[in-house]
Amino acid sequence: MVAKIKIKIILGSTRQGRFGDKPASWLYEELKKDESIDVELLDLRDYNMPYFNDSGYPSMHKGPYADPIVQKWSEKIDEADAFAIVAPEYNHGYPAVLKNAFDVIYREWNNKPVGFVSYGSAMGARVIEQLREVAIELQMAPIRNAIHIPFEVYMNAVGKNPPLDPSIFDPIRKSPMGDRLSGFKDQLLWWARALKAAREAKS
Ligand SMILES: Cc1cc2nc3c(=O)[nH]c(=O)nc-3n(C[C@H](O)[C@H](O)[C@H](O)COP(=O)(O)O)c2cc1C
């Protein structure tokens with residue numbers, strides 16, 4: 001039997017009244033429909049990590065982390081084959097809480113693909129470009145396709161509690177550019193399978 005591809009969705013906003021939980025929950029339900037995927041939603045609210053202040057470099061780190069929540073985070077990221085990151089754009093950049101979640105560990109991200117989901121006045125285009133640069137430094141493979149949530153979807157979903165009526169997200173699947181969810185998923189899976197095979201061949 002072929003092992004399922006483990007995709008972790010990371011919800012990168014922790015603020016009260018956040019929008020990010022709506023697309024994260026929608027994406028979780030959509031990916032769950034695919035039997036080749038083992039999907040888990042990681043909410044950074046559940047990983048209240050200290051701001052990175054270790055004397056050593058995470059890239060040199062060996063063994064368990066001193067902070068128990070960082071250790072738990074490390075184990076979750078380590079078991080993943082791929083990531084879908086739901087990221088808001090704050091002041092044309094990424095939220096500090098999300099950057100910190102990247103910075104506290106290193107090896108656990110390496111050689112794995114990552115795709116981004118974002119929203120906002122420029123549909124998250126700026127934050128996704130910045131996150132791609134961060135991902136490369138973490139030796140990840142940022143995929144080309146992203147899910148830029150149209151403003152009409154944002155307005156229809158904001159203020160509501162997930163799970164929402166999935167039809168609210170239909171414009172993502174019926175965009176003039178095609179079905180952006182399936183393009184995103186196909187690319188993430190392709191890279192996840194290729195890099196999983198490469199990681200396993202190396203070890
Ligand atoms: C501190 C802050 C800065 C923001 N800066 C931007 C921005 O640069 N670009 C943008 O499109 N939206 C910006 N917004 C609006 C956000 O896109 C919107 O509030 C969104 O809901 C934030 O994501 P969240 O609700 O999941 O935290 C900003 C919001 C906040 C709270």
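Colleague: Happy to look at this with you! Which residues of helix H3 (residues 96-103) are buried?

Modeller: The model is predicted, with local features needing pLDDT of at least 70, side-chain atom pairs counting only at pLDDT 80 or more, and totals for chains, interfaces and linings using all residues. Residues are numbered from 1 along each chain as its sequence is written. Buried means that 20 or more other C-beta atoms, placed from the backbone, lie within 10 Å of the residue's own, and helices (H or I, at least four residues) and strands (E, at least two) are DSSP runs numbered from the N terminus. In H3 the buried residues are Leu98, Ala101 and Phe102.

Colleague: Nice! What covers them?

Modeller: Contact here means C-beta atoms, placed from the backbone, within 7 Å. The cover of the buried H3 residues includes helix H2 (68-78), strand E3 (82-87) and helix H4 (125-137).

Colleague: How many helices and strands does the chain have?

Modeller: Along the sequence the pattern is β-α-β-α-β-α-β-α-β-β-α-α-α. That makes 7 helices and 6 strands.

Colleague: And which residues come nearest to the ligand?

Modeller: Near means a C-beta atom, placed from the backbone, within 6 Å of the molecule. There are 13 residues around the ligand, and those that come nearest are Ser13, Phe19, Gly20, Pro88 and Gly120.

Key:
Buried ≥ 20, exposed ≤ 12 C-beta atoms within 10 Å, placed from the backbone. Contact = placed C-beta atoms within 7 Å.
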